[in-house]
2 protein chains.
Amino acid sequence: MNHAARVRRLQTDLSGGKLDFLLVTHLPNVRYLTGFTGSAAALLVGPSGATLFTDGRYIAQAKQEVGNARIVIGNKAPMVAAAEWLVEKWKRSRSANAFLGIEPESLSAGARDRLAALVRGKARVRPAPPLIERARMVKDADEIRLVRKAIELGATLFPVARAKIRPGVSEFEVAAAMEYEARSKGAEGMSFSTIIAAGPRSAVVHGRASEACIPRRGFVVCDFGVILRGYCSDRTRTVHVGQASRDARALYGAVLEAQRAAIAAVRPGVTGAEVDEAARAMLRKAGLAQYFTHSTGHGLGLEIHEAPRLAAGQNEKLASGMVVTIEPGAYVPGKWGVRIEDVVVVTPTGCEVLTGRDKEKELVVI
Amino acid sequence: MNHAARVRRLQTDLSGGKLDFLLVTHLPNVRYLTGFTGSAAALLVGPSGATLFTDGRYIAQAKQEVGNARIVIGNKAPMVAAAEWLVEKWKRSRSANAFLGIEPESLSAGARDRLAALVRGKARVRPAPPLIERARMVKDADEIRLVRKAIELGATLFPVARAKIRPGVSEFEVAAAMEYEARSKGAEGMSFSTIIAAGPRSAVVHGRASEACIPRRGFVVCDFGVILRGYCSDRTRTVHVGQASRDARALYGAVLEAQRAAIAAVRPGVTGAEVDEAARAMLRKAGLAQYFTHSTGHGLGLEIHEAPRLAAGQNEKLASGMVVTIEPGAYVPGKWGVRIEDVVVVTPTGCEVLTGRDKEKELVVI
């Protein structure tokens with residue numbers, strides 16, 4: 001990872017945005033800029049480089065992971081340590097009235113108040129635009145390689161689910177088998193709580209695996225992802241246990257058509273809203289629009305949900321190198337639900353589906 | 001769980017604190033007050049009760065989980081929906097100049113700015129004290145029962161680790177076996193990324209399991225916890241692979257003595273700082289104070305880290321019903337480290353160790 005280049009790019013963005021320093025407090029952003037994976041950190045980026053503030057638990061880890069930032073180990077909250085370090089620096093240089101940017105979506109309201117009090121008279125605290133999130137939208141070659149690796153590992157979990165899903169087996173048992181596979185193959189963890197939603201629970205969009213058992217007949221939504229070397233995978237497959245009725249096949253077919261339409265719509269220059277509408281229009285035609293209660297997709301990388309969003313009102317244009325999920329669904333409360341999700345990387349001419357072939361998405365009946 | 005009583009208590013605290021409404025945005029607090037486990041929610045608590053705002057993904061789940069709050073499903077961010085709902089309410093009642101409390105540590109600086117803009121002219125936004133966190137420090141009988149259940153399940157993972165830890169096996173494999181056991185027994189997930197830190201990595205305090213292999217000889221720190229019905233367990237055991245040198249035994253013994261001293265210090269009325277000092281004094285006596293680079297413990301319950309903290313400067317007094325970890329350690333960078341951790345519940349006369357007998361903590365040599 002070229003962390004140094006990322007910090008340099010940010011420095012350019014900062015001076016363009018009239019900020020003297022940016023206090024980076026969103027941990028995935030700290031990792032993106034330095035490689036540091038600890039759970040307590042603040043990174044101060046200014047004209048002379050980057051300084052990482054963390055605490056005594058991370059002495060060894062910070063030294064091992066970070067090559068492009070000064071490391072300051074303190075016994076206070078990293079944000080407080082960063083503020084005091086800045087004030088000390090300004091004392092010596094006698095400069096004042098600097099502009100200190102913060103990440104307004106990751107710094108809490110309480111922390112901003114404390115920060116403003118610490119630098120009062122020396123600097124003014126300003127919400128910075130999402131500079132790092134914008135940079136992170138377009139993945140570089142190293143990142144795409146890591147996303148591919150995570151997805152490759154994630155792909156091995158669906159056969160495990162297929163083998164485990166049988167009437168009477170609990171959703172927990174299915175998730176456990178998948179997660180064991182993931183961990184045994186080196187995943188650092190799951191990118192979110194594995195969703196195994198069987199029978200009527202398939203209508204619960206975020207139906208994390210529960211003690212409920214797989215019924216004799218019905219859909220089972222399996223939505224799962226792993227984290228490998230910091231990068232997330234994400235994939236949803238819906239299978240059917242027992243004979244699938246004509247209605248069940250129609251529902252599944254409509255969602256699959258919607259997903260294909262959305263994938264076909266992905267290319268540089270198209271907005272997130274347009275991709276969302278491509279899926280939604282198909283479901284509308286099938287009379288299912290009211291049952292598609294979430295958006296079509298989201299970026300993923302160091303976080304399972306990141307920019308851009310593929311949803312109504314999103315005018316961000318897709319660009320080559322963005323990695324997004326395409327995951328339409330239809331959920332009839334109390335009855336059943338279907339979701340089909342793949343991850344695609346935007347290419348100069350369209351997109352490449354990273355999570356498997358189209359064939360794989362034909363309705364699996366168990 | 002008596003969610004209704006918890007909301008009533010909060011209503012009393014609010015009127016005492018001169019707040020008309022509290023916008024609860026910290027999800028564990030939303031769960032504490034209503035039972036709702038979705039990932040997008042805001043709860044507005046006011047004189048006439050509680051209203052939960054969530055989005056279309058959680059229609060079925062909210063109805064199923066929440067019995068003591070009105071449910072409003074919107075297609076905007078829950079906080080925005082709550083603000084608009086309030087403004088609408090005030091329009092009808094013509095009242096204004098209300099005080100709307102926020103949770104300053106969980107609401108982002110950006111969200112507070114948006115909230116203030118939405119209610120401008122109608123209400124003033126004020127940071128509320130951590131009312132719910134304070135209430136949550138003392139667990140009720142239902143909660144202690146759930147923590148015990150989580151800990152009981154968590155306890156079954158250490159034998160799995162002992163059986164799996166052998167020279168040449170990767171840390172990942174050890175973690176995978178433990179996590180499979182947890183999931184198979186019904187855990188919703190792990191309460192944090194399992195730490196398996198072997199050989200020189202045992203000096204990395206937060207050494208999440210990695211691809212590194214167990215060496216022929218050295219310490220292995222195992223720090224692990226499960227989530228069961230929302231409640232967390234937490235436990236650390238350090239074992240030694242191969243013959244333990246006299247120095248290794250001395251290090252282990254010193255940390256164990258420090259842990260015993262801290263446990264002996266726990267009783268109602270004692271401060272977090274005093275418990276921390278009890279452990280620290282023992283390690284100081286052994287010449288190891290500089291290697292104890294973190295605090296002695298933390299509360300746990302719906303979150304893996306919650307109030308109170310057992311650390312220098314913490315003057316919060318322990319009270320019967322609080323549940324805290326006691327986890328001193330000593331880490332010599334690049335060489336080795338030891339940590340021993342148990343969870344205790346404060347009783348009227350001292351504390352009860354929930355995570356096992358003292359016997360279990362004699363150094364295990366594998």
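Student: How many residues of chain A are in contact with chain B, and what makes a pair count as a contact?
Tutor: 39 residues of chain A are in contact with 39 residues of chain B, where contact means heavy atoms within 4.5 Å. Bear in mind that this is a predicted model, with local features needing pLDDT of at least 70, side-chain atom pairs counting only at pLDDT 80 or more, and totals for chains, interfaces and linings using all residues. Residues are numbered from 1 along each chain as its sequence is written, chains are lettered from A and ligands numbered from 1 in the order in which they are written, and side-chain values use heavy atoms, with hydrogens and water left out.

Student: What area is buried between the two chains, and what makes it "buried"?
Tutor: About 3200 Å², with carbon and sulfur atoms giving 52%. It's called buried because it is the accessible area (1.4 Å probe) that two parts lose on being put together, summed over both. On chain A's side, Arg57(A), Phe172(A) and Arg183(A) lose the most, together 21% of what that side buries.

Student: How do you know how the two copies are related?
Tutor: A rotation of 180 degrees with 0.1 Å of shift along its axis does it, at RMSD 0.0 Å. The copies are therefore related as by a two-fold rotation axis. The same surface serves both, too: 100% of chain A's contact residues recur in chain B.

Student: What makes the link between Glu303(A) and Arg136(A) a polar contact?
Tutor: Their side chains come to 3.1 Å. A polar contact is a pair of N or O atoms within 3.5 Å; within protein, one must be able to donate a hydrogen and the other to accept it, and residues adjacent in sequence count only if both atoms are side-chain atoms. So the 3.1 Å pair qualifies. Glu303(A) itself lies in the loop between β13 (297-299) and β14 (306-310) of chain A, and beyond four places in sequence its contacts are His26(A), Pro28(A), Arg136(A) and Cys232(A).

Student: Why is an empty space called a cavity, and how many are there?
Tutor: Rolling a probe the size of a water molecule over the atoms shows where empty space is left. It's a cavity because, on a 1 Å grid over the protein atoms alone, it is a set of points where a 1.4 Å probe fits but cannot get out. There are three of 30 Å³ or more.

Student: Which residues line the largest cavity?
Tutor: Lining residues have an atom within 4 Å of a point; here they are Arg6(B), Arg9(B), Leu10(B), Asp13(B), Tyr32(B), Leu33(B), Leu131(B), Ile132(B) and Ala135(B). α1(B) gives the most, four residues, and α1 (3-16), α2 (27-34) and α6 (131-137) of chain B each supply at least two. Those helices are DSSP runs (H or I, at least four residues), while strands are E runs of at least two, both numbered from the N terminus.

Student: How does that lining divide by residue class?
Tutor: Six nonpolar, no polar and three charged. Arg and Asp count as charged, and Leu, Ile, Ala and Tyr as nonpolar.

Student: What is the peptide bond from Ala307(A) to Pro308(A)?
Tutor: It's cis, with omega near -5 degrees, and Pro308(A) sits in strand β14 of chain A. In chain B, a cis bond joins Ala307(B) and Pro308(B), with omega about 0 degrees.

Terms used. Least-squares fit on C-alpha atoms with pLDDT ≥ 70 in both. 1 Å grid on protein atoms, 1.4 Å probe; cavity = no way out; pocket = protein on both sides within 12 Å on 5 of 7 lines; lining within 4 Å. Points joined across faces, edges and corners; volume = space filled by probe spheres on them.
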